[in-house]
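Here are a few exercises to work through with the model open on your screen. Try each one before you read its solution.

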Amino acid sequence: MTLPALPDMILEPLVRSALMEDLGAYGDITTQTVIAPDVTYAARLNAREDAVVSGLQVAAMAFRMFDPSLEISTHISDGQRCTKGDTLIEITGKATSILSAERVALNFAGRLSGVATATAALVAETRDTKARITCTRKTTPGLRIVEKQAVLHGGGFNHRFSLSDAILIKDNHIAAAGGVRAVLEATKARASHMMKIEIEVDTLEQLAEVLDVGGADAVLLDNMQPDILAKAVTLVDGRLITEASGNVTRDTVAAIAATGVDFISSGALTHSYRTVDLGLDF
């Protein structure tokens, strides 16, 4: 999926922090010791397996930030599929610079491609349904913006980015506030007309109460089996956006989507993905 690139000013603090972490107090002492500063090279960032690519914008920035004189040519865009052996980026210039930025670039590109590839796998399993795959806030601290962008690259959709984006009433809110009716009445009295409201339910009885009280725009159907989910979708009858969550895997997602839910959210997209094997070859 081809998307507009994120503004560099958003990504630069992430990349700068990663480079500073990796370079430490004295920089890449191994490279400084064994490679002459005037040696130049053309390196290739290659895919060692099939994947959906994400993080190349960030990887290229890591090289450019370390050494603006490096020449960088991107052969595959974020959101596109690659096959084993494909060259994703070519970097030409000082060998010392390429080697010093290598690990940061690979860390970003491999992990974000892992998110995109995991997302694409779930999207493929739900292709013949109306269900959309979405992420959660279960992201790596500090890297939410790029991990959520990777979900988009994989063909998924984004849930809220932060606690201030929308009202999402979870089971703990319901317990602390005194029940479904109490939280919805409070929300109706205090929430801005511009704010979307979603509430989590665990049972059909809770769902019936949500529909009776009103005030929500969406309902999160948590850890329901497909037969119960189907009954929930029928009970909602289009009055709310429906979102299913819990036990979402490549083996279960098709059955969840077949219930007719609008969205399927998966925290695993950003907390349990497998890093894609990418390598920098000289």
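**Exercise 1.** Among contacts in the chain between residues at least 6 apart in sequence, what percentage join residues at least 24 apart?

*Solution.* Start with the ground rules. You're looking at a predicted model, where local features need pLDDT of at least 70, side-chain atom pairs count only at pLDDT 80 or more, and totals for chains, interfaces and linings use all residues. Residues are numbered from 1 along each chain as its sequence is written, and side-chain values use heavy atoms, with hydrogens and water left out. Next, a contact means heavy atoms within 4.5 Å. Now take the contacts between residues at least 6 apart: 70% of them join residues at least 24 apart.

**Exercise 2.** Find how many helices and strands the chain has, and what share of its residues is buried.

*Solution.* Helices (H or I, at least four residues) and strands (E, at least two) are DSSP runs, numbered from the N terminus. That gives eleven helices and twelve strands. For burial, the cut-off is under 20% relative accessible area, with a 1.4 Å probe and protein chains only. Of the 282 residues, 45% pass as buried.

**Exercise 3.** Which element gives the largest share of the lining of the largest cavity?

*Solution.* On a 1 Å grid over the protein atoms alone, a cavity is a set of points where a 1.4 Å probe fits but cannot get out; a pocket is an open set with protein on both sides within 12 Å along at least five of seven lines; and lining residues have an atom within 4 Å of a point. One cavity of 30 Å³ or more turns up. The largest cavity has a volume of about 60 Å³, volume being the space filled by probe spheres set on the grid points, which are joined across faces, edges and corners. H3 and H5 each give two or more residues to its lining, and H5 provides the largest share, four residues.

How values were computed
Buried < 20%, exposed > 50% of the residue type's maximum accessible area, 1.4 Å probe, protein only.
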